[in-house]
Amino acid sequence: MAEVRRSAVATERISGLTGFERERRSEFSRAWRRFKRYRPGLAGLAFIGVLVVFALVPSLFAPYDPIAQDTAMRGAPPSWAHPFGFDHVGRDILSRIIWGSRIAMLVGLGATAIAVTIGVTIGATAGFFGGWVDSILSRFVDTLLAFPTLVLLIVLAAIIGPSLLTVIVVIGTTTWASYARVVRADVLSLREREFVLAARASGASQARVIFRHILPNAMGPVIVLATLGIGGIIILESALSFLGLGVQPPTPSWGAMISDGRAFIRHYPQIAIAPGVMITLTVLAFNLFGDGLRDALDPRQRE
Amino acid sequence: MFQYIVRRLLQGLVVIFLVTLATFGLMHLAPGSPVDIMIGEAEVSQEVIDAITKKWGLDRPWYEQYLVWLGNMLRGDFGQSMVRTGVPVSQMLLEAAPVTLKLNLYSFAIAVLIAIPAGVLAAVRRYSLFDYSSMVGATLGVALPNFWIGLMLIIIFAQKLRWLPSGGSGSWQHYILPVAVLATEQMAVLARLTRGATVEVLHQDFVTTARAKGLADVTVIFRHVVRNALLPVITIIGYRLAFILSGTIVVETVFAWPGLGRLFILSIDRLDYQVVQAIVFLLTILVVIGNLLTDLVYAYIDPRIRIQ
């Protein structure tokens, strides 16, 4: 993308000199214009915006303490003051939902950051150097892609010991393979392009060629894939927490809240409803936002 | 074709080697000695510990241990459960496997029967009401956590309406809820895939040619479009086989279904490592065989793959 932008700026400079002034548009504003056309994507972005605000300052929005227990109110149904009611130990469910968005965002963004870092590094190495390096790394990527992530996560979380940090690291280190595959394919074709040859000819070091010229051009699909992946990661986190192998009580995680709901499903069936709706909406929001981003950033993949 | 098969077989063996090495390595990376991990929380005598050490060659260097381990596993000797003392792991697996397979078979059949025609129809009648509603449904289906749908179905059909049992297995009524949950998840994925693949094929030249020579719409769709569109769908089903099976882990836990998924989680909870490693090992073999078969079937159906 960087190359495209540079040449666009150059053209504008020239056209400015000759008098053909055209409205200046950055790469970002052009992508934004394309993104805006997809309404569900906008809705997704808006919902994610709300979640981010909740995650940053939950105390501003949560009406009560998310871990304070009011034993007299155990399993109390919804009321005006407590719209989602109380859970099995008498905690306000609405407040726990709002604080839970912090856990969801931490895991979603943290694990994705780890996965993107590993995936881009491995993919770029395989694509740039080729040969036996590529063969070995690609086999590794294929294996990881074929292996069901949830099984791997459960085993790793059980061995390392479940905690928030474990969840983030373990999900991050098991979900990078799709990034590696995409980046490898892109780097493979990018390294043969003229601008890479030009950079090499003007004496750029190997690191400079990779980081300044090749990788920026491969980032579009990665951003799209990362956005679409966050939803899946949030489901993985909630499944792990549901199984008791994720975020530990009393930390409010949506998956763990559904697990509480399961344990008390006979007596307080309402406990499990709200966190499930929240997970669904969040995953939906990231998937729709990702669809919109794909149309805006990566027109090749449009159906 | 022969060369292709040999190459893929070798690659499959490399993958099995890598994953078995990783499974074996996990036991050694975890804190505590391998014997401690194998015993878990069970109380055992020194004799049992000695027997385990001897059986798995734990007093020898790690590469010999790996070979002993691999040899035992390949012979189907997965050791003994430490929780259900003395019961061979292979027997536990044989008890649990049929119920899991049945559950998956039913839900998968239902998913295919509904999702593939729906996906094709959505693509053919693109931007119609049917297309929009089925794709909204599929998008929602992908976002719904399966364990949560399971709980909601239990609340509605088992607790409020009292029509169906909330868990366990035995009668046909026990199948309905877990099959519905698993089918929902697979339907959502399959319908989106089928629609995407069909839309792509609809734009190909041979479809235009078929139309131009005056074939009826139905003939074009069934003879030319669907046959080609299903190729990528079949491939992805093959590659996702292990993912489909791993979906049962959570669903079996929700419905107290006595299958492999629940056995896996129970063994994790009770630290019954022998059972866990056996399940992971078998899953790996299944993944590799599934991928290999898919590749070979694909190469057989589509000659373009072989030439590459």
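How exposed is Arg294(A)? In this predicted model, Arg294(A) has a relative accessible area of 23%, so it counts as partly exposed. Its side chain meets that of Asp291(A) in a salt bridge, with 3.0 Å from N to O. Asp291(A), by contrast, is buried, because its relative accessibility is 12% and buried means under 20%. You can find both residues in helix α13 (residues 273-297) of chain A, where they sit three residues apart, about one turn of the helix. Elsewhere, Asp87(A), Arg91(A), Arg96(A) and Asp260(A) are joined into one network by salt bridges that share partners.

One joins the side chains of Arg139(A) and Asp142(A), at 2.9 Å from N to O. These two residues also lie three apart, about one turn, this time in helix α6 of chain A. Asp142(A) is partly exposed, at 26% relative accessibility.

Another salt bridge pairs Arg184(A) with Asp134(A), at 2.6 Å from N to O. This pair links distant parts of the chain, 50 residues apart: Arg184(A) belongs to helix α9 (residues 177-190) and Asp134(A) to helix α6 (residues 131-146). Arg184(A) is partly exposed at 25%, while Asp134(A) is buried at 10%.

Now turn to the surface. Val52(A), Val53(A), Leu56(A), Val57(A), Leu60(A) and Phe61(A) form a nonpolar patch there, with about 530 Å² of accessible area together. Helix α3(A) gives the most, with three residues, and α4 (58-61) of chain A supplies at least two. Val57(A) lies in the loop between α3 and α4 and is partly exposed, with a relative accessible area of 33%.

Conventions. Residues numbered from 1 in each chain as written. Chains lettered and ligands numbered in written order. Predicted model: local features only at pLDDT ≥ 70, side-chain atom pairs only at ≥ 80, totals over all residues. Heavy atoms only, no water. Patch = residues over 30% accessible without salt bridge, like charges linked within 9 Å, V, L, I, M, F, W, Y side chains within 5 Å. Areas by Shrake-Rupley, 256 points an atom, 1.4 Å probe, with all protein chains shown as cover. Salt bridge = Lys/Arg side-chain N within 4 Å of Asp/Glu carboxyl O. Helix = DSSP H or I, 4+ residues; strand = E, 2+ residues; numbered from the N terminus. Buried < 20%, exposed > 50% of the residue type's maximum accessible area, 1.4 Å probe, protein only.
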